[in-house]
Amino acid sequence: MSIITKVVTGIFGKKSDRDMKALSPFIDEINSVFNTLGSLSDDALKDKFQKIRDSSIEKSAVFREELISEGLEKEDLEEGIYKKEQNFIDTKMVEVFAIVKDACRRLFGSEFSVMNQKMKWEMIPYDVQLIGGIVLHQGKIAEMKTGEGKTLVSTMPIILNAICSQSVHVITVNDYLAERDSQWMGLLYDYLGLSVGCILSSMNSEQRKEEYSRDITYGTNSQFGFDYLRDNMSIKAEDQVQRKHSFAIVDEVDSVLIDEARTPLIISGNVDAPSNQQ
């Protein structure tokens, strides 16, 4: 480390330390809300989450009406709605993360099946995992080692961004991981009343459309990419399988965006043809 670097670090501190300091208040708030939820029944907790979903969907409809009245073009309209939804979702982050943590606590010890194998739910987010969830929601990269629970970490921003009935995509490196994680984390999603789907290479268009209609959809980068390109080449809107694109989390981001990116997506239409995406 150079003398200049040492001096700058000494004055301003390490960036990681500053980031942690900025996130610490959120962790305290989440745990404070979490501590109040233990007295609720299972139904009361689920109702609390559903009310947040209902208010989010209502807000989204209001945002759309407001922006339509301004006469915005379609692209500007969708971007404006998304920004307003994100601002609203940010105000619900602490409460939703706390509910997810409490749901994990209530599910602890539950037996279920993943890829035809019996498992027990034994995960409750630690503070470092809450931090990872916040970082992902903010659109940043959370680097975690194997065994640190990144699959659980992703559920918090996934659930938060699904409350406006947005299509949330979870992108991973192969069909096995996509199917496994959709079933594994599906216990938590189902508990909170969210639907989850998984896109597999063996599926036809009708099956894919059904999976994309869920609140949360798992799949590989190539499946999402080829479906997007095929949708752009569709003559009729009803032939498209994907919904609007709102929020995505990329698992194994270094592999998906660097290693796998060496294999190009080769389907394309006329360069001058307008997009048919809805």
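The model described here is a predicted one.

Leaving aside residues up to four places away in sequence, Tyr 218 touches Ile 158, Val 170, Ala 178, Asp 181, Ser 182, Met 185, Tyr 189, Val 196, Gly 197, Cys 198, Ile 199 and Phe 224.

The discussion now turns to helix α4 and its partner. Two packed helices are described by the angle between their axes and the distance between the axes. Helix α3, residues 42-68, packs against helix α4, residues 74-107, at an angle of about 175°, and their axes are 9 Å apart. Angles over 145 degrees count as roughly antiparallel, and α3 and α4 are therefore roughly antiparallel to each other. The residues of the contact between α3 and α4 comprise 12 nonpolar, four polar and 12 charged ones.

The chain as a whole may be considered last. Its secondary structure amounts to 11 helices and six strands. Of the 278 residues in the chain, 41% are buried. Among contacts between residues at least 6 apart in sequence, 71% join residues at least 24 apart. The accessible surface of the chain is about 15600 Å², and carbon and sulfur atoms account for 53% of that surface.

Methods. Residues numbered from 1 in each chain as written. Predicted model: local features only at pLDDT ≥ 70, side-chain atom pairs only at ≥ 80, totals over all residues. Heavy atoms only, no water. Axes fitted to C-alpha atoms, helices over the stretch in contact; angles between N-to-C directions. Helix = DSSP H or I, 4+ residues; strand = E, 2+ residues; numbered from the N terminus. Parallel < 35°, antiparallel > 145°, perpendicular 65-115°, else oblique. Nonpolar A, V, L, I, M, F, W, Y, C, P; charged D, E, K, R; others polar. Buried < 20%, exposed > 50% of the residue type's maximum accessible area, 1.4 Å probe, protein only. Contact = heavy atoms within 4.5 Å. Areas by Shrake-Rupley, 256 points an atom, 1.4 Å probe, with all protein chains shown as cover.
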